[in-house]
Amino acid sequence: MMTSPLDRAADSFAAEIARHRTGRGLSKKQLATLMGFDPSYVSHVEGRRHRPTEDFARRAEAVLEAGGAIWQRFKEYDELRHARAERAHRDPPVPGQWMPPGTGLIVERELATLTHLGDAYRCVIRRELYNAGTEPVTRYLVRIAVDRYPNDPGRSNLHHREHPLTFAELRLRAYREDGDEREAMHWRAKHDRDAFKELWLLFENADRRFPLYPGDRTTIEYAYCVGHDKWGPWFQRAVRLPTRQMAVRLDLPAAVDPQVWGAETSLSAEEGPLRTPVTRREDADRVIFDWATEDPPLNARYRLQWRFRGRPDAEPEEAGRIRPSDRMRGIGIVQRGADLLRQPARPFDLPREEREARDVADRLAATLVRLDELHPFRKGVGIAAPQLGLGRAVAVVRPPDRSADPVVLLNPRVVDASPDSDEQYEGCLSFFDHRGLVPRPLRLDVEHAQYDGSRIITSFEFGMARLVAHEIDHLEGRLYVDRMAPGVPLVPVEEYRETGRPWRY
């Protein structure tokens, strides 16, 4: 069958995406997630069901670090698609950073200032924007997230359910500056959740519209307030657009003797200390902490944290943060690094060891009850005997539906698995400070023993298949990190936003 030059160019673009994606060891869903697209989008582009867009090509180039190859394939396709149109004038790329033409919005400078006002925090974000794309920009996406107890997600989720963040209390104000001209920007809500807000800043107000046209620059500023009862001792900035310079300023009272430190993560590295130091200076009764970086990589996250050494009434979590893994360790759960977690568990000899098997299963079930006091397990939860320091082949899994009885798996063995799989984030009681994106089959057939020594086969689907697979891995000496695709980073629990929500199927 004859194909047009345009079709061949689209095929070439799709093949280039697939080549770099597989070279990075990423699935289509993982790449879509890193790019900020719907999980099916990459599959549709590679399958030629969706034509590539400029925004898609730009993000794929940045995430896959293809050295311009993906952008070149898109440009060939785009030139054929607009063969009769004059290409719009574009300014040169931002100095010091490779950037293909048609990139879209660039943040040339960002300054984020957080001021402690006693009973509230006031946040002011100021961004200098440049439109390096070919279309006018009419709106800008803003995300606001709070986390009162970032190292205790169960407590934090419960707190925000009882005391949700509201748009009314934020008192959000936004402005656009162009030279000496300063005018208000309207905004429109996109997502409204207890601890998370997402909204569009609109390049318009009641008087007029003022799109940011290709080749133009402008400065936007927006400010909001959050009560001290909802803002934890941390301030995070994420790089979601190509950014040339990012700076953060904390303005805190000197009377509380603040101590500030920071951490950063990226697509290619786990969490580590900030690469540049936080500076401190005193200004009357205030202490100002400044931090900045040049050309931060796309999708990097930078977090400043603090504690108030001069406030005797500070809560224990604020004076010395308790890690989620410490809470798990406190109820007897063995943590990652222990040799037992890497050893295959010993099967029970049933029915001869029926009493021992029942005793271990009862201990596992009792621990699950205690876990409910520490964390909301809306996805369901499981625990394997090695996690309690017992090298025996039994695990107990409680389904997401709390009305259903827990499943006891004695000497389990996977006998069949669906060829269809998906990737979702998992946590582990023995590794509770992080979450990881793990591929699992959508159906699992498991042969397991009864206390009388007989064996049955049970089929599990979707969320239960994932939970059961996770626990059987424990009994075979594996952790979920062994199942993750190469190069996919772990997510610190402080940054994970799906706690308390079921998996989606």
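Start by selecting Glu-54, Ala-57, Ala-60, Glu-61 and Leu-64 in helix H4, which touch Ala-69, Ile-70, Trp-71 and Phe-74 in helix H5; contact here means heavy atoms within 4.5 Å. Helices (H or I, at least four residues) and strands (E, at least two) are DSSP runs, numbered from the N terminus. By class, this contact has 7 nonpolar, no polar and 2 charged residues. In that count, Ala, Val, Leu, Ile, Met, Phe, Trp, Tyr, Cys and Pro are nonpolar, Asp, Glu, Lys and Arg are charged, and the others, Gly among them, are polar.

Before moving on, a word on what you're looking at: this is a predicted model, where local features need pLDDT of at least 70 and side-chain atom pairs count only at pLDDT 80 or more, while totals for chains, interfaces and linings use all residues. Residues are numbered from 1 along each chain as its sequence is written, and side-chain values use heavy atoms, with hydrogens and water left out.

Now show all of H4 (residues 54–64) and H5 (residues 69–81): they pack at an angle of about 160 degrees, with their axes 8 Å apart. Axes are lines fitted to C-alpha atoms, for helices over the stretch in contact, and angles run from 0 to 180 degrees between N-to-C directions. H4 and H5 are therefore roughly antiparallel to each other, a label for angles over 145 degrees.

The axes of H1 and H5 come within 9 Å and cross at roughly 165 degrees. On the H1 side, the residues in contact include Leu-6, Phe-13 and Ile-17, and on the H5 side they include Phe-74, Tyr-77 and Leu-80. This contact divides into 11 nonpolar, 2 polar and 3 charged residues.

Next, pick helix H2 (residues 28–35), where Gln-30, Leu-31, Ala-32 and Met-35 are buried, meaning under 20% relative accessible area (1.4 Å probe, protein chains only), with exposed over 50% and partly exposed in between. Just after H2, click on Gly-36, which has a positive phi of about 85 degrees.

Time for a sheet. Select 5 strands, which form an open sheet in the order S16-S17-S18-S21-S22 with antiparallel pairing; two strands pair if DSSP finds at least two bridges between them. Strand S16 (381–384) and strand S22 (455–461) are at the edges with a single partner strand each, so one side of each has no neighbour in the sheet. Zoom in on strand S21 (residues 443–449), joined to S22 by 7 bridges. Glu-447 sits opposite Ile-457 in S22.

In strand S18 (residues 407–417), Asn-411 has a positive phi near 45 degrees without being a glycine. Asn-411 counts as buried, because its relative accessibility is 13%. Asp-257, in the loop between strand S10 (245–253) and strand S11 (258–266), is another non-glycine with a positive phi, about 50 degrees. Last stop: the peptide bond from Leu-350 to Pro-351, which is cis, with omega near 10 degrees. Pro-351 is in the loop between helix H9 (324–330) and helix H10 (354–371).

Terms used. Parallel < 35°, antiparallel > 145°, perpendicular 65-115°, else oblique.
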